[in-house]
Every structure is written in C-alpha cells, then in structure tokens.
Amino acid sequence: MKQSEKNAKLLRIVRTGLMAAMICLLTALLHIPTPNGYIHCGDAVIYLAAATLPLPYAVAAAAVGGAMADFLSGYAAYILPTFLIKGILAAAFQKVGGEELVSRRKVMACVVCCLITIVGYWAAAVVLYGNPTAQVLETVPANLMQGVGSALLYFGIARVVKK
C-alpha cells in the first residue's frame, strides 16, 4: 500500500471517530427527555456523516456514536436498538440521498430516515415494554419531532459546509 493510500485511510478513520464523538456528544448532552428516550441533535450529524463519509465508515460512526450516547445518558436498554437503528439511518440516508449535500434527494432521504426512526423506536419500545398501541402514543410524536428537527438542522449545517 502506498503512503498516500495509507494517509487517506487514516484520514477516513480519524473523520469517522470525530463524527462518532460529535454524534455521541450532541445526542447525550443536548437532549430533551421524553417518556421513552429523548429528542436530540445527533441525528443531524449522522446525516452529515452519511453525506461525507464512505458507507461503512458512516454506518460505524452513526451506530457507535448513537449507542455510546444511550450508554452515557442512562438508557442502557436502548443501546442495541440504537446501534441498529442509527446504522440503518446512515445507510438509508446515503443510499437515498445521493451525492449532493443539499438536494431534493436529501429531502427524500430525511423523510425515509424519519420513518425508520419512528418505526424502529416504536418496535424497540414494544419489545422492551409491550403494549403496541400505547407505544404509538408514547413514541411516535417524539420521534416525528426528532426526524423533522434533525432534517432542518442537517440542511442548516449542510448549507454552511457546502459554502
């Protein structure tokens, strides 16, 4: 492997670690508690990671950063569901969103990710607490706000990064 290839790989690993740390910190430190979790800014950084990193690196940053935030925030029961859901979010955002930082495809990616968040955390709450009907009332409104807020924040950040 050439030195330039080694440097490029090291840079991707460093950027992945930085994204995971930002996802963790923005999720764990800037959140609003809800009955079954919290609303946070971390998903916007997951979208940014998915828009700027290769797929496996974006998925790793999202999954590890989100799971670490649940651990630090005292939501240990959600570590595994979050690891899976956030990894899927990064993959979906990248696959649906295309290459541009800001585009109509990115809007569609945010809609898909919002649906993944809603369904994923509803399913996790049903597994953890039972009562599927009650979990709709507990999880869907907060996760809908999470998805919309994350999309708006992502587009604000992406416009600045694009310039």
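**View 1. Thr16 and its contacts.** Leaving out residues up to four places away in sequence, Thr16 touches Leu53, Tyr57, Ala60 and Ala61. Contact here means heavy atoms within 4.5 Å. Thr16 sits in helix H1, residues 3-29. Helices are DSSP runs of H or I with at least four residues, strands are runs of E with at least two, and both are numbered from the N terminus. Thr16 counts as buried because its relative accessibility is 10%. Buried means under 20% relative accessible area, exposed means over 50%, and partly exposed lies in between (1.4 Å probe, protein chains only).

This is a predicted model, in which local features need pLDDT of at least 70, side-chain atom pairs count only at pLDDT 80 or more, and totals for chains, interfaces and linings use all residues. Residues are numbered from 1 along each chain as its sequence is written, and side-chain values use heavy atoms, with hydrogens and water left out.

**View 2. The largest nonpolar core.** A nonpolar core is a set of buried Ala, Val, Leu, Ile, Met, Phe, Trp, Tyr and Cys residues joined through side-chain atoms within 4.5 Å. The largest one has 33 residues. Met19, Ile46, Tyr47, Phe93 and Tyr154 have the most contacts inside this core. At least two core residues come from each of H1, H2, H3, H4, H5 and helix H6 (132-162). H2 supplies the largest share, 7 residues. Now pick out Ile46. Apart from neighbours within four places in sequence, Ile46 is in contact with Ile23, Ala62, Lys86, Leu89 and Ala90.

**View 3. A stacked pair, Tyr47 and Phe93.** A pair of aromatic rings is described by the distance of the centres and the angle of the planes. Rings of Phe, Tyr and Trp (its six-membered ring) pair if their centres lie within 6.5 Å; planes under 30 degrees apart are stacked, over 60 edge-to-face, and the rest tilted. The structure holds 6 aromatic pairs. In one of them, the rings of Tyr47 and Phe93 are stacked, with 4.6 Å from centre to centre and 5° between the planes. This pair links distant parts of the chain. Tyr47 belongs to helix H2 (residues 42-52) and Phe93 to helix H4 (residues 79-97), 46 residues apart. Both Tyr47 and Phe93 are buried.

**View 4. A tilted pair, Tyr78 and Tyr129.** These two rings lie 6.5 Å apart, centre to centre, with 45° between the planes. This pair, too, links distant parts of the chain. Tyr78 is in the loop between helix H3 (55-73) and H4, while Tyr129 is in helix H5 (residues 104-129), 51 residues apart. Is Tyr78 buried or exposed? Tyr78 counts as buried because its relative accessibility is 4%. Tyr129 has 47%, so Tyr129 counts as partly exposed.

**View 5. A salt bridge between Lys86 and Asp43.** Side chains of opposite charge can pair when their charged atoms come close. A salt bridge is a side-chain nitrogen of Lys or Arg within 4 Å of a carboxyl oxygen of Asp or Glu. How many salt bridges does the structure hold? It holds 1. The closest N and O atoms of Lys86 and Asp43 are 2.7 Å apart. Lys86 is in helix H4 and Asp43 in helix H2, 43 residues apart. Both Lys86 and Asp43 are buried.

View 6. H4 gives the most to the patch, with 4 residues. Phe83 is found in helix H4. Phe83 is partly exposed because its relative accessible area is 38%.

**View 7. Asn131 in a loop.** Most residues other than glycine have a negative phi. Asn131 is not a glycine, yet its phi is positive, about 55°. Asn131 lies in the loop between H5 and H6. With 47% relative accessibility, Asn131 counts as partly exposed.
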